[in-house]
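Let's take a friendly walk through a protein model, from its overall build to a few of its residues. Have the sequence and the 3D view ready.

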Amino acid sequence: MLALLFKNFIRSKGTKIGLVFLLVICFISLLIGQQFQQKQQNNIKEAALYQKEHIARNAAFHKDEMGLLLYYIKFSLVNATLPVNSLAIGQRDVNPSIQSVTIRGLEGQKYDSELNNPNNLLSGNIDFSFVLIYLFPLLIVAFSYNLVSEEKESGTWKIVATQSQNTFFYILKLFYIRILSLIALLTIVLFIAILFLNIPLNQSLFTFYGLGILYILFWFAITFFIVSLQKNSNFNAVILLTIWLFLIIILPAVINTYIVNKFPIPEALELTVKQRNAYHEKWDMDKKITMDKFYNHYPQFKTYPLPDKEFSWLWYYAMQQAGDDDSAKQSQELEQKLQQRNKASQLISQFIPTLHTQLQLNEIAQSDLGNQLLFLKETKQFHEKMRLYFYPKIFDNADVNKENWSKFKVETFHDPSEISFAKAFLPLLFFNLLLIGFGWRNFNRKVI
């Protein structure tokens, strides 16, 4: 019986066209993921090569003053990109994965990013997570919306009912065939991704796969519930497409608007302007005020008195530090509001399976807002480390030629966040069981 049902399902031209179409789109998404992966790898290689040549060139040209040399030299920090990131690009296409900073004021550099075509940013990337979230449900709806209603409308359901010992199990078999087909398609695509994108068989991939299966089951659970109402095919199609539109497009947009208005943030540009204004105004202030603030921030440097001359690198870098200190409140406010936005979206998404899946896929791939906030925090610590290393050398006017500049390599930040299976799976599992339970109750209440 099951084999016959499967043959009837797979013989349909609509089924073949749907599966082939989705498979082609999946291949395209893997190609886009590969392009993104190669771009990231090339950027890292170029950053390492550039830093090596950049430091060597400036050290040869500005060999008389350590302070002048450090004005130009940039040091790079890389946000490590997981191979599974190719499947869920997330915010990595708008947020920089490489931060190159001098030891001057940080706030004016922290939000620098590469230029992107606004039209490309608007349309986004058709990565695999997009295909899974947006297109898989449409095929599920197309395959399942008329499982019972079509046969009732064509007059063949009575024949099915008389030939089948249990019509409810017959309906379950119809769903089972379709579920198996979509999960098989997901498995094939991810297997190809493992080979094509060199994704290792690790916890991240298995969690991604498990989340994908639960998401597919969620949409089948929705169609199971709608079919259980035993309405006509037109009603089923309209209501399922309305649910898709609501859960995929409308509700996330409404939630995003709510979060943006609930936690308004100052623009990064405003913060940069604040930092630069705070620095530039120090040129017209009494130097003692600037130095007192600097010594208050770094008591260990009080042993370096301000030279009795018009310009000194001690005073110049004290001004740079003062710019960061004066904009620290705005910087902290921006970080807190971003954290609040991230926590709010994570909390709300637990009750919206589509949004939850999208955020969790990005979190697994370390392409979410939380990862970016950790990277910015690490950038601040990296910048501070370089400052504390070079400040004494600048203030002592150390010999540039005696410094081993080749030891300054591009450093890499690895996100220490761990994957929570409960957080990833439980919301989807709950909604799946709830919808299946309501559907089962409806089938038992009504005579099929």
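## Inside and outside

Of the 448 residues in this protein, 47% are buried. Keep in mind as you look around that the model is predicted.

## Overall build

The secondary structure comprises 17 helices and 3 strands.

## A positive patch

Now turn to the surface, where Lys-7, Arg-11, Lys-13 and Lys-16 gather in a patch of positive charge. Helix 1 (2-11) and helix 2 (13-61) are the elements that each give two or more residues to this patch.

Take Lys-7 as an example from the patch. Lys-7 sits in helix 1, and its relative accessible area of 44% makes it partly exposed.

Most residues other than glycine have a negative phi. Which way does the phi of Gln-230 go, positive or negative? Gln-230 is not a glycine, yet its phi is positive, at about 60 degrees. You will find Gln-230 in the loop between helix 9 (203-228) and helix 10 (233-262).

Asn-397, also not a glycine, has a positive phi of about 50 degrees. Asn-397 belongs to the loop between helix 16 (369-395) and strand 3 (411-413). With a relative accessible area of 46%, Asn-397 is partly exposed.

Conventions: Residues are numbered from 1 along each chain as its sequence is written. This is a predicted model: local features need pLDDT of at least 70, side-chain atom pairs count only at pLDDT 80 or more; totals for chains, interfaces and linings use all residues. Side-chain values use heavy atoms; hydrogens and water are left out. Patches are made of residues with over 30% relative accessible area and no salt bridge: like charges are joined within 9 Å, nonpolar side chains (Val, Leu, Ile, Met, Phe, Trp, Tyr) within 5 Å. Accessible areas come from the Shrake-Rupley method with a 1.4 Å probe; for residues, only the protein chains shown count as cover. A salt bridge is a side-chain nitrogen of Lys or Arg within 4 Å of a carboxyl oxygen of Asp or Glu. Lys and Arg count as positive and Asp and Glu as negative; His and the chain ends are not counted. The place of a charge is taken as NZ of Lys, CZ of Arg, CG of Asp or CD of Glu. Helices (H or I, at least four residues) and strands (E, at least two) are DSSP runs, numbered from the N terminus. Buried means under 20% relative accessible area, exposed over 50%, partly exposed in between (1.4 Å probe, protein chains only).
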